[in-house]
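I opened this one to see how the chains are put together and where they meet. My notes follow in the order I looked things up.

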Amino acid sequence: MMENLTQASYLVAAALFVFSLRWMSHPKTARRGVAAGVGGMSLAVFGTLLHPEIIAFHWIAIAVVVGTAVGIPLSRVALTAVPQRTALSHAFGGLAAGLVGTAKYSLWLGEGELTAFRTGAIALEVFLGFLTFTGSLMAAGKLQEVIPTRPITYRGQNFINFGLLVIALFAAVALVIDPTLWALFPVLLALSLTFGVLLILPIGGADMPTVISLLNAYAGLAAVAMGFVLENKVLIIAGALDGSSGLILSIIMCRAMNRSFTNVLFGAFGQVQAGAKGAAEQKPVKSATAQDVADLLEMARDVVVVPGYGLAVAQAQHRAFELYEQLQKRGIRCRFAIHPVAGRMPGHMNVLLAEANVPYDALVEMDEINPDLAQVDVAIVVGANDVVNPAARHDKSSPIYGMPIIDVDKCKTVIANKRTMNPGFAGIDNELYTADNTLMLFGDAKAALGEVVKALASESGMGH
Amino acid sequence: MHPIDFWSMTFVFMLATFVGFDVIRNVSRLLHTPLMSLTNAISAIAVVGSIIIAGEQKTTFSTVLGTIAVAASVTNIVSGFLITDRMLKMFRQQSGKR
């Protein structure tokens with residue numbers, strides 16, 4: 001009887017989880033999606049508490065209090081810190097899976113209930129769980145810049161990583177063949193923890209969006225493995241949803257950088273490319289003042305702003321919104337063109353701009369804006385570099401060759417904001433800055449945009 | 001475990017993965033960051049496994065591990081749902097447009 005009630009609540013919970021993700025298809029219904037998720041989770045927890053095996057609730061209650069006390073501050077971090085928070089929560093998810101797997105192994109070992117299947121599922125759960133745990137902690141550390149963001153590489157790195165993986169596989173197979181070889185279990189555990197660290201060491205800051213998505217997929221798969229261990233279908237379903245989400249996001253991120261998974265994991269991108277085409281021919285750079293830019297904007301009808309993560313670093317989101325408002329007031333169309341890797345995780349730039357009040361209908365994806373760009377009068381590039389570098393289209397020797405970019409060079413005029421003429425994040429020269437239709441607006445993004453807004457505002461006060 | 005149980009779980013996994021791919025593909029690209037924090041909270045459903053291990057109190061070892069796992073999962077549930085909602089509240093449409 002109780003079991004039926006539990007399973008029925010799991011069934012409804014699983015359906016609510018699917019609806020929850022479904023409602024994320026549009027910003028209008030998205031908050032309903034959160035409500036469905038909360039409902040599903042509450043039902044599943046309720047159904048679980050009915051289990052007759054649960055004899056004491058005090059440890060559960062204490063854990064809930066601790067989890068809530070940690071969770072609430074984690075939900076209030078600045079939006080620039082959301083990637084770190086996300087990596088941290090992947091770590092918690094991996095930890096939970098690893099610990100449950102370990103507990104189950106020890107219990108079933110004592111009870112003599114370890115079958116080959118159970119041991120195999122536990123080995124998979126523990127391996128994925130603990131590698132996600134340390135890997136995500138490393139990723140969070142790199143994003144928070146507690147750990148150096150540059151790739152850390154050494155000779156024979158891929159060989160060592162691959163070797164560890166093979167040893168872990170051997171340990172797992174031996175455990176499946178004879179589950180009572182318990183001494184191998186801590187070995188597997190240590191290997192997973194080490195593997196997680198070593199996997200993230202060689203990955204550079206520029207690849208973090210892909211890595212976070214990939215760890216998301218691992219965390220989901222660890223939950224699936226846990227579902228197989230506990231023979232719990234709602235866990236399998238929720239884990240599969242999480243895993244497929246992580247996988248899709250990683251594929252989108254990889255495509256946006258024109259790289260393969262293996263290249264991200266083993267390629268150590270983000271290193272300053274040693275002498276990638278020194279200074280070819282130093283073409284002169286044309287620079288403009290804030291007043292020049294304001295005059296140009298006054299005459300424009302269609303303006304596109306291309307923000308990169310530098311915009312968030314300079315905390316210039318609100319200035320960008322003020323610029324948007326000034327242009328709107330004059331009936332000038334203003335849109336923001338968002339490259340998939342503009343932020344530090346998938347969709348990050350959208351959230352940062354939404355926080356600054358930019359309405360979501362003004363945020364346009366790369367594929368949607370590119371066909372329009374030839375008609376655009378002025379493109380303003382703020383804090384972005386590689387994602388607008390035309391070399392990606394034609395220069396086969398460039399490290400970013402083949403990467404899809406926002407074709408701002410096709411606009412009538414390009415304003416590129418930069419602090420100085422130093423090469424950007426990935427250390428690659430950008431020919432956009434010396435193009436004939438480009439004007440450089442030097443200075444800190446926040447200050448420079450602020451001056452343009454001020455110039456625009458004063459003109460409207462006198463002129464019209 | 002009966003082989004049928006294994007196969008029925010594998011079927012569930014396969015079908016859920018297909019549903020997942022289909023549903024996620026339709027998620028607005030605007031919302032990929034909230035999507036990740038939402039799926040994060042949902043996959044903290046691992047809490048159901050942790051609750052049983054912490055509550056059945058079979059050995060001290062398993063109870064300690066179970067309790068830590070409950071705390072880790074609850075952290076993800078609470079922070080995941082709260083931050084998703086906080087971010088989604090910021091997405092507003094252009095005023096004037098209906």
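Predicted model: local features only at pLDDT ≥ 70, side-chain atom pairs only at ≥ 80, totals over all residues.

**Entry 1: chain A overall.** With that cut-off, I looked at contacts in chain A with a separation of 6 or more, and 80% of them join residues 24 or more positions apart. Chain A has 464 residues, and 53% of them count as buried. For secondary structure I got 17 helices and six strands. The C-alpha trace of chain A spans about 85 × 50 × 35 Å along its principal axes.

**Entry 2: domains.** I checked the domain assignment next, and it gives chain A a domain 1 (56–266) and a domain 2 (290–462). Their C-alpha centres lie 37 Å apart. The contact between them takes 17 residues from domain 1 and 16 residues from domain 2. On the domain 1 side, helix 4, helix 8 and helix 9 each give two or more residues. I sorted that side by class and found 13 nonpolar, four polar and no charged residues.

**Entry 3: the core.** Which residues touch the most other members of the largest nonpolar core? I found A:V306, A:V381 and B:I45, in a core of 191 residues. Helix 8 (residues 208–230) of chain A puts in the largest share, 17 residues. Both domains of chain A take part, with at least three residues drawn from each.

I then followed A:V306 on its own, leaving aside neighbours within four places in sequence. Its contacts are A:A337, A:A379, A:I380, A:V381, A:A384, A:V388, A:I406 and A:V408.

**Entry 4: where chain A meets chain B.** How many residues of chain A are in contact with chain B? I got 95, against 81 residues of chain B. Several elements of chain A supply at least two residues each, among them helix 1 (2–22), helix 2 (27–49), helix 3 (58–74), helix 9 (233–256) and strand 3 (363–365). The largest share, 16 residues, comes from helix 4. By class, I counted 58 nonpolar, 27 polar and ten charged residues on the chain A side.

Helix 4 and helix 8 came up in two places: both give residues to the side of domain 1 that touches domain 2, and both supply residues to the side that touches chain B.

**Entry 5: helix 14.** Helix 14 (348–355) also supplies at least two residues to the side of chain A that touches chain B. Is this helix mostly covered or mostly open? I found it mostly covered, with eight of its eight residues buried. The buried set includes A:H348, A:N350 and A:E355. A:N357 follows the helix, and its phi is positive, near 80°.

**Entry 6: two glutamates with positive phi.** A:E145 has phi near 65°, a positive value in a residue other than glycine. I placed A:E145 in the loop between helix 5 (116–143) and helix 6 (157–177). A:E145 counts as exposed because it has 10 C-beta neighbours inside 10 Å, and the cut-off for exposed is 12 or fewer.

A:E231 is not a glycine either, and its positive phi is about 50°. A:E231 lies in the loop between helix 8 and helix 9. With 15 C-beta neighbours inside 10 Å, I put A:E231 down as partly exposed.

Definitions and conventions. Residues numbered from 1 in each chain as written. Chains lettered and ligands numbered in written order. Helix = DSSP H or I, 4+ residues; strand = E, 2+ residues; numbered from the N terminus. Buried ≥ 20, exposed ≤ 12 C-beta atoms within 10 Å, placed from the backbone. Contact = placed C-beta atoms within 7 Å. Core = buried A, V, L, I, M, F, W, Y, C linked by C-beta atoms within 7 Å. Domains from an automatic or database assignment. Nonpolar A, V, L, I, M, F, W, Y, C, P; charged D, E, K, R; others polar.
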